[in-house]
Amino acid sequence: MNGFVHQHRNIDAYASTEDAVPVRERCQQSLEVELRELSKCEDVLSDWLRLCDRAKDPNPYYCPSFLFASAEHLVRGLQCHVVLVWEGKFPRTLVGLFPVAIKGLRHGYIQPICELWNDCVTGISVPLISGENVDAVWSSFLKFVSNHPKFPDIVHCPQICPHSHSGQALQSLGHCQELINVVDETHERAIARPVASYRAYAKRWSKKRQVNIRTAKRKLTDRGTLSLETVYPGEKTFSDDLDELLRLEASGWKGKRRTAFNSRPESRKFALNAFNPEGLPSAAQLTVLRFNGQIIAGLFNLTSQGHVFGVRSGFDEAYSAFSPGILAYVGLLEHLLEYDGHRELDSCTDGSHLLNKYWLERKTIEGVYVTAEVESGARRIERVLSLRNAVKRGRDHCEVLLNRMRQKG
């Protein structure tokens, strides 16, 4: 056990009928768009949960338990609206869900924009869309936002993969001149996908890295029992393990910087409600590394349709010489390849994370601004970005001045 006990999608824009009515246009005619406040979505929870299970692009950050917890405890003072896209009449089917918020000067925008829900924990902001006409759902959403008096017509998608179904739909709509999309930021994040075996995957690491992992495991197994466990909500130890991981995360450098979940009452409430909610299904998964029965490292994860998304990690710094955090990530990788049958591990990190050395595949993540206002959209998006960059430069300059004043004081 290695020391442990254990697309591109082509879219045909036109039908093969004599009148050549666009497929997308005919699909949109059967779609109905509805706006709700997040707090008034209780009566559509069953439809929402079914959509989570069949969405073309899995996103557990937009499942009810996580989104409710985020809006209530993590992003205070910002109202979450939900744009629902329905297909059919009796019965109707929920085929699209877009959680959005209006962001303005407080968030660096002199000219307000509409943003797909995002917080300091969310690792992907792709909407929940089912069916074969992702572009029609996107087009209906954007036209609804553009025509609604309450919303700015420019939509920011802060974390979206260009190779996802939604990413390809935006590209397709842009090529058909049905929207303007501008990529503002991009980075590569570490992911892992199944190969023949864990042994085959580990051979792709450098020799030194392979030796370091084996050595760290051996030093611990020489002193006691090392085990890796995957724990799900509803299991006997889940609540206790979650509480221990929260304590562990706060005991290290994240606690000193007050960025750990346990550092603030509201972020702790968020973690408890997002990972272990009452009355709602949870997408949580905990990966815990135990040494002689004691948790020395752990990972907070979310799962959806065989995809695992990393949220946070924590480890006991008393064992830092044995790299317990890396051992937990490597152990999760081993479970992916040997036991669990997951399709993908997504680190949800930026391009500078240490995990890049162990999870060797990459996923491109972009920040995209889109609008259905084709004629003036490009100029207006450019103005939004220019003003936002000016605000950021001003804030950075003020921060430099404040630091100098603190040093002199």
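Reader: Is Asp 57 buried or exposed?

Author: In this predicted model, Asp 57 has a relative accessible area of 9%. That is under the 20% cut-off, so Asp 57 counts as buried.

Reader: Where does Asp 57 lie?

Author: Asp 57 is in the loop that runs between helix H2 (45–54) and helix H3 (64–74).

Reader: And which residues is Asp 57 in contact with, leaving aside its neighbours within four places in sequence?

Author: Asp 57 is in contact with Val 126, Pro 127 and Leu 128, and also with Ser 164, His 165 and Ser 166.

Reader: On to H3. How many of its residues are buried?

Author: Nine of the 11 residues of H3 are buried, and the helix is thus described as mostly covered. Among the buried ones are Phe 66, Leu 67, His 73 and Leu 74.

Reader: What covers the buried residues of H3?

Author: The cover includes H2, strand E3 (93–103), helix H10 (265–275) and strand E10 (294–304).

Reader: Changing topic: which residues of H8 are buried?

Author: The buried residues in H8 are Phe 238, Asp 241, Leu 242, Leu 245, Leu 246, Leu 248 and Glu 249. Viewed down the axis of H8, they fall within an arc of 165°, so they line one face of the helix.

Reader: Why would such spacing put residues on one side?

Author: An α-helix has 3.6 residues a turn, so residues three or four places apart point the same way.

Reader: What covers the buried residues of H8?

Author: Strand E8 (226–231), helix H9 (253–256), H10, strand E9 (284–291), E10 and strand E11 (307–315) are included in that cover.

How values were computed
Residues numbered from 1 in each chain as written. Predicted model: local features only at pLDDT ≥ 70, side-chain atom pairs only at ≥ 80, totals over all residues. Heavy atoms only, no water. Helix = DSSP H or I, 4+ residues; strand = E, 2+ residues; numbered from the N terminus. Buried < 20%, exposed > 50% of the residue type's maximum accessible area, 1.4 Å probe, protein only. Contact = heavy atoms within 4.5 Å. Arc of directions from axis to C-beta.
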